[in-house]
Amino acid sequence: MKTGKERSDTVATPVGEAIVRVLCSLARRGQEVLGVEQHDDGCTITATLPSDVWALGGKMIVAVRRDARGARIDAATLIEGQWIDWGKSKRRLELLLSDVRAAA
């Protein structure tokens, strides 16, 4: 039993800057970085997704990769032990991508 969502976006910024924007967004939202996997063209960041009134805690996985137009961000949430998260995953992913776009 688990729930989660996925979202993707491309930003017209260098991949290194996009990674910094993602890290700043996670810090601003109180999400602790659990691990980072480096790739030739970017990295994948795994962070906590704190519990709240809507859902149990979980994880957020964010891949930031170089793209012809800048940086591609693929983000997903995973909340185990719960079937419905009452929109928590959607809201958190929208906040992350909004933070990354707004930093431009």
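Helices (H or I, at least four residues) and strands (E, at least two) are taken here as DSSP runs, numbered from the N terminus, and on that basis V11 is found in strand β2, residues 6-11. This is a predicted model, in which local features need pLDDT of at least 70 and side-chain atom pairs count only at pLDDT 80 or more, while totals for chains, interfaces and linings use all residues. Residues are numbered from 1 along each chain as its sequence is written, and side-chain values use heavy atoms, with hydrogens and water left out.

**Packing of α1 and α2**

- Two packed helices are described by the angle between their axes and the distance between the axes.
- Helix α1 (residues 15-28) packs with helix α2 (residues 88-102) at an angle of about 130 degrees, and their axes are 9 Å apart; the axes are lines fitted to C-alpha atoms, for helices over the stretch in contact, with angles running from 0 to 180 degrees between N-to-C directions.
- The two helices, α1 and α2, are therefore oblique to each other, given that angles under 35 degrees count as roughly parallel, over 145 as roughly antiparallel, 65 to 115 as roughly perpendicular and the rest as oblique.
- The crossing in which α1 passes α2 is right-handed, a crossing being left-handed if the near helix is turned anticlockwise from the far one by less than a right angle, and right-handed if clockwise.
- On the α1 side R21, V22, S25, L26 and R28 meet L95, L96, D99, V100 and R101 of α2, where contact means heavy atoms within 4.5 Å.
- By class, the contact of α1 with α2 holds five nonpolar, one polar and four charged residues, with Ala, Val, Leu, Ile, Met, Phe, Trp, Tyr, Cys and Pro counted as nonpolar, Asp, Glu, Lys and Arg as charged, and the others, Gly among them, as polar.

**Residues around the helices**

- V11 is buried, with a relative accessible area of 6%, where buried means under 20% relative accessible area, exposed over 50% and partly exposed in between (1.4 Å probe, protein chains only).
- Not counting residues up to four places away in sequence, V11 touches A18, R69, G70, A71, I73, V100 and R101, and its C-alpha atom is 8.9 Å from that of D67, although V11 and D67 are 56 residues apart in sequence.
- E17 lies in helix α1 and is partly exposed at a relative accessible area of 37%, while 9.5 Å separates its C-alpha atom from that of V100, 83 residues apart along the chain.
- R29 lies in the loop between α1 and β3 (33-39), is partly exposed with a relative accessible area of 28%, and is in contact with R92, L95 and D99 once its neighbours within four places in sequence are left aside.
- From C-alpha to C-alpha, R29 and D74 are 18 Å apart in space and 45 residues apart in sequence.

**The loop between β5 and β6**

- A68 is found in the loop between β5 (58-67) and β6 (70-80), and A68 counts as exposed at 84% relative accessibility.

**Cysteines**

- The structure holds zero disulfides, a disulfide being a pair of cysteine sulfur atoms within 2.5 Å.
- The sulfur of C24 is 13 Å from the closest cysteine sulfur, in C43, and is therefore too far away for a bond.
- C24 counts as partly exposed at 39% relative accessibility, whereas C43 is buried, with a relative accessible area of 8%.
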